[in-house]
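Hi,

Here is the structure I promised to pass on to you. Please have a look at it first, and then read my notes below.

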Amino acid sequence: MSELFAVKYSFLIPLLPLLGAIVAGFAGAKLLKGRSHWPIWIGVGISAILSISLLAGMLGLWHTGQNLSVAKDVYTWIDTGNFVAKAGFWFDPLTAIMLCVVTGIGFLITVFAAGYMKGENGYFRFFAYLGLFIFSMTCLVMGSNFIMLYLGWEGVGLCSYLLIGYYYEKPAAREAAKKAFLVNRIGDFGFGLGIMLIWKTFHTVSYFGQGVGTNTGVFELAQMGHLTAYQLTALKVIPFFLLLGAVGKSAQFPLYVWLPDAMEGPTPVSALIHAATMVTAGVYMISRCGVLFFGNQPAMMTVACIGAFTALLAATIALRQTDLKKVFAYSTISQLGFMFVGVGVLAPVAGVFHLVTHAFFKALLFLSSGVVMHAMSGELDMRKMSGLKKVLPITNLLMLVGCAALAGFPFLSGFFSKDAIVGAAFARSNILGGVMLFTALLTAYYTFRLYFQVFQGPLIVPPAPAGDHGGHGGHDDAHGQDHKHNHEPMLMIAPLIVLAIGAVLAGYINWPSRHASFGDFLGQSPSLKQGYDVAKASYGEIDGSALGQRITGAEAEAPFTPIMGISAFVAIAGIFLAYELHLKNRAKAEDLAQSAQPFTAIVQGKFFVDEIYQGLIVEPLRTLGSKLDGFDKFIDVMVALVGNILQIFGYLLKLTMQRGYLQGYAAAMLLGIVAILLFFFAT
Amino acid sequence: MFAIGIIGFLTRRNLIVMFLCTELMFQGVGISLIAFSRYNHDLAGQAFVIFVLVIAAAEAALALGLIVLLFRTKNTLDADAWREMKG
């Protein structure tokens, strides 16, 4: 395993994007200017090639039935007494798949971004941040211990903050960046506590220590028989702390509120960070820590319930959103909810599978809406546009593919992965399955509501505000004129076509759904193997194939299940509903919305979650803050008073004693000396 | 000698005389140091005085220089002429 070329040079995977970021960041402003994308293209491109070769190498080894996991330490990062953290990497199928998603889709998006961001102010800054993001994200998925995970975790959070606030001259972007950072802080605080507790419990932060079977890492220590009472108690709570971090990063209820606002960032950022990669970190983390989570029934219940509730809530909100990107933002939250349900019902294969397919089609959708935004001079309100297929013929097709995949249209990628999750949810509980199925219906509806509204029907193009590219802060006029002739430059369309192919075909990596496919490959990851063991110990008999484990008996299961039929029907029903309401008779949709009035208003107000947070958390905290500020001022006055009193004494002394007679001073000194001498001789 | 120096310093107003009085105090201390070192059969005191003399010579040159400067600005050697130097 370790002789694989890609493993040997694995340190280059995070290093090259970082170097690219440094070059773009420091040389970009003066030297590279409009060519600042080159360091990032090269860095991320080579990383992507290495990642794919890693995956290919692993697939080769998998077919010959070899061990697929290896730890590779680069150097000792922190070494203080008994706390040691290595800068090391851990490779297994889960890492390889995540790496390919991060660097592969990351590369496509950097290519797109070069076209999209052309002529923006701070072009180099954008690419420097992108490089830094890829570096952090690869550290996150490759790290061999929790400290590396945390490094990447915080790094992506920082890059997310920087990139959301990219148009920092816009107040909304600044606010959104701050909100994302602060909300993530809540989650990261819990995550940090979880890692500290892990160290306190096991005195190591490494996943597998020296390798699988050495019993030196957290995951193996947690599985050993003779644990102390303290360790057993800690194992019960650790998943909840880690889960808090996952909920923050993956935008789940109650910490999802930052993601819709994060759409203030440039569209490639929304695609890369807030759809395809960063927000899936939570799903990755739970799968990685399978041994901590899967045996812990309350934690798994929480994961599944949070996921299901978020999926339903976000899908409902998406029904009444009119901003193109906001619809996709809520859709992302909803789909992340699906992934959480996937891992929560002990089907991490389905969860990670949906992660991969979702990365393709959601990146595609975001970038397509970026093309629309680019062509419509920054306009995103879908009520103002219609029938764009005449202006943007290629984008129309791409968007259709993306929407169909998201809606779960049969035989596209979203269909397979969503179906796997819905099926797994039904296997655990009918209520959970029902909720997911209903959410799938809503998904199909709101996706095609958007598609029919924007691309079909009579042509309505929003009037272009001359010279002012609203959403595009610094677009100059010349650039805008340039694109009047060609709204679909090749540089932007080519990556989209690759993504579209992925969105169609990615579903077939888990085909046929049992052996010799994605699930089995993923199941070679020790995280999932252990997860299966602990889950079996805790739940009794479970479906091992959902964790990618080869089990005897249920092997020859058919690739088609009844659930597939139902979910196909649901998807088509949703699309049909959207067709009826938003293409054939658009007025009917409004009538229907009006007839369900209080509900419509609540949905339109996004369930007033932001307002509730404002009232329940932000305002009381602000009041407390101003009270504390008053107390602080009181302390300041008291401290100043001490100094003032002494100053008054000094002033009095100056007036009485310091008169300028040299002899007077000498006499006083003499008297003082005499007094001291007398004092000494007297005692 | 030390007492003469103190009295002179406290009673006279002339800067040069005051300075001479400080030198007197210096030498008073030096002589008593030598006397005590002789009495105690300890040469450290005498060595110490030699150092003090060297420093005193340097300091005397500096102080006289300062007095010359003060005299040039005010055309007087009266110590009370510099009362405005108080803080």
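Predicted model: local features only at pLDDT ≥ 70, side-chain atom pairs only at ≥ 80, totals over all residues.

Residues are numbered from 1 along each chain as its sequence is written, while chains are lettered from A and ligands numbered from 1 in the order in which they are written.

**The two chains**

Chain A has 28 helices and two strands. Helices (H or I, at least four residues) and strands (E, at least two) are DSSP runs, numbered from the N terminus. The C-alpha trace of chain A spans about 110 × 70 × 55 Å along its principal axes. Of its 683 residues, 52% are buried. A residue is called buried if 20 or more other C-beta atoms lie within 10 Å of its own, exposed if 12 or fewer, and partly exposed in between, with C-beta atoms placed from the backbone. For contacts in chain A with a separation of 6 or more, 79% are between residues 24 or more positions apart. Two residues are in contact if their C-beta atoms, placed from the backbone, lie within 7 Å.

Chain B has three helices and zero strands, and its elements run α-α-α from the N terminus on. Its radius of gyration is 16 Å, well over the 12 Å that the globule rule gives for 87 residues, so chain B is more spread out than a compact globule. The radius is taken over C-alpha atoms, and the globule rule is 2.2 Å times the number of residues to the power 0.38. The C-alpha atoms of chain B fill a box of roughly 50 × 25 × 25 Å along the principal axes. In chain B, 8% of the 87 residues count as buried, and residues 24 or more positions apart account for 40% of the contacts with a separation of 6 or more.

**The nonpolar core**

Which residues have the most contacts inside the largest nonpolar core? They are Val341(A), Ala363(A), Leu364(A), Ile421(A), Met436(A) and Ala503(A), in a core of 222 residues. Such a core is a set of buried Ala, Val, Leu, Ile, Met, Phe, Trp, Tyr and Cys residues joined through C-beta atoms within 7 Å. Helix α16 of chain A (residues 348–375) gives the most to this core, with 18 residues. Beyond its neighbours within four places in sequence, Ala363(A) is in contact with residues including Ile105(A), Ala271(A) and Leu499(A).

**Two helices with kinks**

Helix α9 of chain A (residues 229–249) has 21 residues and reaches 31 Å from its first C-alpha to its last, close to the 30 Å expected. The expected span is 1.5 Å times one less than the number of residues. A kink of about 30 degrees lies at Lys236(A), shortly before the proline Pro239(A). The bend at a residue is the angle between axes fitted to the seven residues ending there and the seven starting there. Among the buried residues of α9(A) are Leu235(A), Ile238(A) and Leu242(A), and their cover includes α6, α7 and α14 of chain A.

Now look at helix α27 of chain A (residues 609–657), whose 49 residues should span 72 Å; its end C-alpha atoms are 70 Å apart, which agrees. A kink of about 35 degrees in α27(A) is centred on Gly615(A). The number of buried residues in α27(A) is zero, so this helix lies largely in the open.

**Some backbone details**

After α9(A) comes Ala251(A), with a positive phi near 55 degrees. In the loop between α9 and α10 of chain A you will find Pro254(A), and the peptide bond from Phe253(A) to Pro254(A) is cis, with omega near 5 degrees. Leu259(A) is found in helix α10 of chain A and is buried, with 28 other C-beta atoms within 10 Å.

Is Leu346(A) buried or exposed? With 29 C-beta neighbours inside 10 Å, Leu346(A) counts as buried, and its phi is positive, near 65 degrees. His41(B) also has a positive phi, of about 55 degrees, but counts as exposed, with 6 C-beta neighbours inside 10 Å.

Enjoy exploring!
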